[in-house]
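I opened my notebook to get to know a new structure. Here is what I looked up, step by step.

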Amino acid sequence: MYVEVGAQAAIFGQGMLLGVLLGVIYDGMRAARRSIHLRALAFALDLLFWLGVIAALFALTLLRDNGQVQIYHMAAFLLGGGLYFATASRLVLPVLLWAAELVRRLWRFFKFSPSLEGFLRFARYTLPESLFNISPRPP
């Protein structure tokens, strides 16, 4: 039986990337759950996430390794997700929470006050103060 180590290393790397990608998706769902407080939404998002995980692992094994399930597929997937949650999730989650809050505020703005004055109030409250300090530069 011939074992190609390079192909297995490529599949391992793709499994790790899949774990990282699923970690980013999960953080996006965490941000949605924190900004929209519905129990049914949390259940639906968790169910969709885990169905997506199953489909992604199935696709990885089917497309890259001819349907042969290997232990290192799962190890790479778990290692990629674990590394993401141990490192980058601490940086990505606050950005996603900020984006979810911005979308929520935009939704409330367009739902309740579709006027120019309301938009300017929203922009002044949301955007950094340095954008509104318009003064000439010193020579």
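I began with burial: a residue is buried under 20% relative accessible area, exposed over 50% and partly exposed in between, using a 1.4 Å probe and protein chains only. On that scale, buried residues make up 24% of the 139 residues in the protein.

I noted that this is a predicted model, where local features need pLDDT of at least 70, side-chain atom pairs count only at pLDDT 80 or more, and totals for chains, interfaces and linings use all residues. Residues are numbered from 1 along each chain as its sequence is written, and side-chain values use heavy atoms, leaving out hydrogens and water.

Next I looked up the secondary structure, with helices (H or I, at least four residues) and strands (E, at least two) taken as DSSP runs numbered from the N terminus. I found five helices and zero strands.

Then I turned to the core. Which residues form the largest nonpolar core? It has ten: L18, L22, M29, L45, F49, V53, A56, L57, L60 and F77. Such a core is a set of buried Ala, Val, Leu, Ile, Met, Phe, Trp, Tyr and Cys residues joined through side-chain atoms within 4.5 Å. Helix α2 (39-64) gives the most to this core, with six residues.

I also checked L18, counting a contact as heavy atoms within 4.5 Å. Leaving aside residues up to four places away in sequence, L18 touches A56, L57, L60 and F77.
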